Amino acid sequence: MTDDSTPTDEEVLPAERDVYADGGAAGADDVALDPWGSLTVSDYRKLFEQFGIEQFEDVLDEVPNPHYLMRRGVIFGHREYRRIASAMVNDEPFAALSGFMPTGDPHIGHKLVFDEIIWHQQQGGEAYGLIADLEAHSARGLSWAEIDEHARNYILSLLALGFDPNEGELYRQSDNREVQDLAFELGAEANFSELQAIYDFDGETDVSHMQSVVTQMADILYPQLDEPKPTVIPVGPDQDPHIRLSRDLAQRMRYFGVTEAYASFEADDAQRQLLAYAHQTLADRHPDDTIRCGDAAEFLEGEREPGATDVEATTLDSTITMLREAGKEPLRPRVRILDRRATDEAFDALIEAIDGEKRVYDNHIDTFDLSREEAEQLARDVELDHGGYGFQLPSSIYHRFMTGLTGGKMSSSIPASHISLLDDPAEGYDKVKSATTGGRETAAKQRELGGKADECPVYELYAYLLSGDDDEFAKEVYDECVGGERLCGGCKEQAAELMEEFLEDHQEKRAEWADKLDELDIDLDSDRKR
């Protein structure tokens with residue numbers, strides 16, 4: 001979740017171009033997601049196929065006043081962002097949070113996340129910006145004096161870009177007791193084997209590093225402590241392991257789980273799909289008849305297909321077996337509320353709260369008159385009334401990585417590859433002027449064949465930052481480049497001047513906020529040792 005590295009991507013989509021399922025990126029067949037930045041993601045296609053990240057273009061039309069990073073495909077993926085979009089449309093509570101590991105100066109890559117948090121705040125969301133100082137100390141070994149200096153710089157840039165501290169919250173992990181207490185509770189639901197599988201921890205991993213992971217899970221769920229609400233975490237795709245673990249832990253902390261069912265026995269997702277198929281088909285054929293489990297078993301037996309995989313055959317066999325054992329029990333759709341970790345009092349209260357037809361079992365309740373959404377809300381209300389958290393699963397959005405100005409990876413350890421938000425404006429100008437481009441070997445070839453804007457770090461500067469909210473300007477730069485009208489020298493000169501102006505303006509605003517930092521409710525001078 002914390003944005004401390006500057007990973008890379010080889011392509012960025014220009015304004016108003018489509019976002020394809022593979023992200024338009026060609027790369028390695030294997031994808032490793034490492035939240036500490038030692039590896040990069042080179043093939044966005046795998047994010048959709050392997051990790052369940054959805055294409056942002058599918059939800060874009062549901063977002064009121066979408067940010068230009070969304071419109072241009074820089075934000076390319078999401079998990080359950082529809083909850084956030086719906087909250088915006090209906091003026092309901094929602095939150096946005098991201099963290100920053102203070103291991104160096106804030107740079108133009110961090111600005112993506114700053115902008116995303118600020119935009120969500122401007123759309124009416126509760127906004128949270130946190131300094132992941134515990135992670136910086138445990139995972140990177142920075143001293144507290146170094147952390148204090150970097151934290152101050154991150155906060156100043158966030159404020160200078162438009163974060164409203166009166167309408168949002170800024171905090172350090174080490175100073176937030178509620179986050180630390182929640183991390184302790186979440187730690188009881190996680191174990192070493194799980195962290196080892198997700199983060200490749202081993203016997204040499206120190207306990208503080210593992211603890212910092214659980215603290216980040218608490219950060220992600222922190223906006224929901226007072227009230228469960230949709231919460232979005234803007235991240236690069238390398239941070240997705242944090243998102244997945246936080247969603248798992250949010251579920252484990254819930255008193256109840258809600259799912260669909262068709263009979264009294266338990267079924268997994270694949271088995272439920274078969275049950276739904278059997279019920280729907282038989283109901284269409286015999287709309288006035290009661291469908292029995294035994295009838296569904298016979299139907300599915302006749303649906304066997306030669307050449308089915310072992311997994312498919314095993315699922316079919318197990319489903320048929322359960323249906324036969326249930327015999328004459330009716331096969332009926334219902335919503336099932338599972339007891340995960342509820343107190344006896346909460347379980348009894350839920351039974352009492354469910355109106356209409358229901359069946360009560362030792363560890364679950366089947367309701368026939370509530371929709372799944374109604375059952376989820378009722379279960380959450382009962383949980384909250386009996387001391388539970390009632391967490392909603394956190395959502396996330398994913399932005400593309402910026403290519404380094406020198407080509408390849410943008411790295412904090414290679415000054416020429418990135419532009420710090422603290423760079424002297426003249427230095428920012430020079431770095432852009434020295435940047436690698438997607439131009440042809442000669443001006444003649446450029447005019448004949450056009451430039452390769454999709455491979456150009458300078459065009460990325462226009463698309464990600466320099467064009468601001470002006471889509472027409474970004475598109476004009478792109479079209480002129482690929483059409484051969486725009487040559488690299490003039491393009492870089494214009495970009496360099498815009499970068500110089502941006503840095504001048506940004507640093508003036510930083511200076512204004514520097515005089516007001518003492519008024520904020522965040523301590524930037526740690527009294528911790530080392």
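Reply: The residue V59 belongs to helix 2, which spans residues 57–60. The model is a predicted one, and in it V59 counts as buried, at 0% relative accessibility.

The structure holds three cavities of 30 Å³ or more, and the second largest cavity has a volume of about 110 Å³. Sixteen residues line this cavity, and those closest to its centre are T437, C456, C481, C488 and C491. Helix 19 (457–466), helix 20 (471–482) and helix 21 (488–514) are the elements that each give two or more residues to the lining. The most come from helix 21, with three residues. By class, the lining of the second largest cavity divides into nine nonpolar, four polar and three charged residues.

A disulfide is a covalent bond between the sulfur atoms of two cysteines. The structure holds zero disulfides. For C488, the closest cysteine sulfur is that of C456, at 6.2 Å, which is too far for a bond, because a disulfide requires the two sulfur atoms to lie within 2.5 Å. C488 is partly exposed, with a relative accessible area of 22%. Another cysteine, C293, is buried at a relative accessible area of 0%.

The open spaces come next. The largest pocket contains about 870 Å³ of space. Its lining consists of 30 residues, of which R83, R254, E376, R380 and Q392 lie nearest the centre. Two or more residues are given to this lining by each of helix 4 (82–89), helix 11 (240–252), strand 7 (256–261) and helix 16 (372–385). Helix 16 supplies the largest share, seven residues. The lining of the largest pocket has 13 charged, eleven nonpolar and six polar residues.

Most residues other than glycine have a negative phi. E80, in the loop between strand 2 (75–79) and helix 4, has instead a positive phi, near 50°. E80 counts as partly exposed, at 28% relative accessibility. D91 is placed in the loop between helix 4 and strand 3 (95–100). D91 is not a glycine either, yet its phi is positive, at about 55°. At 73% relative accessibility, D91 counts as exposed.

The second largest pocket holds about 470 Å³ of space. It is lined by 22 residues, with L134, S208, Q211, S212 and T215 nearest its centre. Helix 6 (133–139), helix 8 (177–187), helix 9 (192–199) and helix 10 (207–221) each contribute two or more residues to the lining. Helix 10 gives the most, with seven residues. The lining of the second largest pocket comprises ten nonpolar, nine polar and three charged residues.

Aromatic contacts complete the picture. With ring centres required to lie within 6.5 Å, the count comes to twelve aromatic pairs. In one of these, the rings of Y128 and Y222 have their centres 5.7 Å apart and their planes at 80°, so the pair is edge-to-face. Y128 lies in strand 4 (residues 126–131) and Y222 in the loop between helix 10 and strand 6 (231–235), so this pair ties together parts that are 94 residues apart in sequence. Y128 is buried, with a relative accessible area of 9%, and Y222 is buried with a relative accessible area of 9%. F100, F114 and Y154 form one aromatic cluster.

Rings also meet charged side chains. The charged end of R332 sits over the ring of F368, 4.1 Å from the ring centre. The charged end of K516 sits over the ring of W513, 4.1 Å from the centre of that ring.

Conventions:
Residues are numbered from 1 along each chain as its sequence is written. This is a predicted model: local features need pLDDT of at least 70, side-chain atom pairs count only at pLDDT 80 or more; totals for chains, interfaces and linings use all residues. Side-chain values use heavy atoms; hydrogens and water are left out. On a 1 Å grid over the protein atoms alone, a cavity is a set of points where a 1.4 Å probe fits but cannot get out, and a pocket is an open set with protein on both sides within 12 Å along at least five of seven lines; lining residues have an atom within 4 Å of a point. Grid points are joined across faces, edges and corners, and a volume is the space filled by probe spheres set on the points. Helices (H or I, at least four residues) and strands (E, at least two) are DSSP runs, numbered from the N terminus. Ala, Val, Leu, Ile, Met, Phe, Trp, Tyr, Cys and Pro count as nonpolar, Asp, Glu, Lys and Arg as charged, and the others, Gly among them, as polar. Rings of Phe, Tyr and Trp (its six-membered ring) pair if their centres lie within 6.5 Å; planes under 30 degrees apart count as stacked, over 60 as edge-to-face and the rest as tilted. Buried means under 20% relative accessible area, exposed over 50%, partly exposed in between (1.4 Å probe, protein chains only). A charge sits over a ring if NZ of Lys or CZ of Arg is within 6 Å of the ring centre and within 35 degrees of the ring normal.
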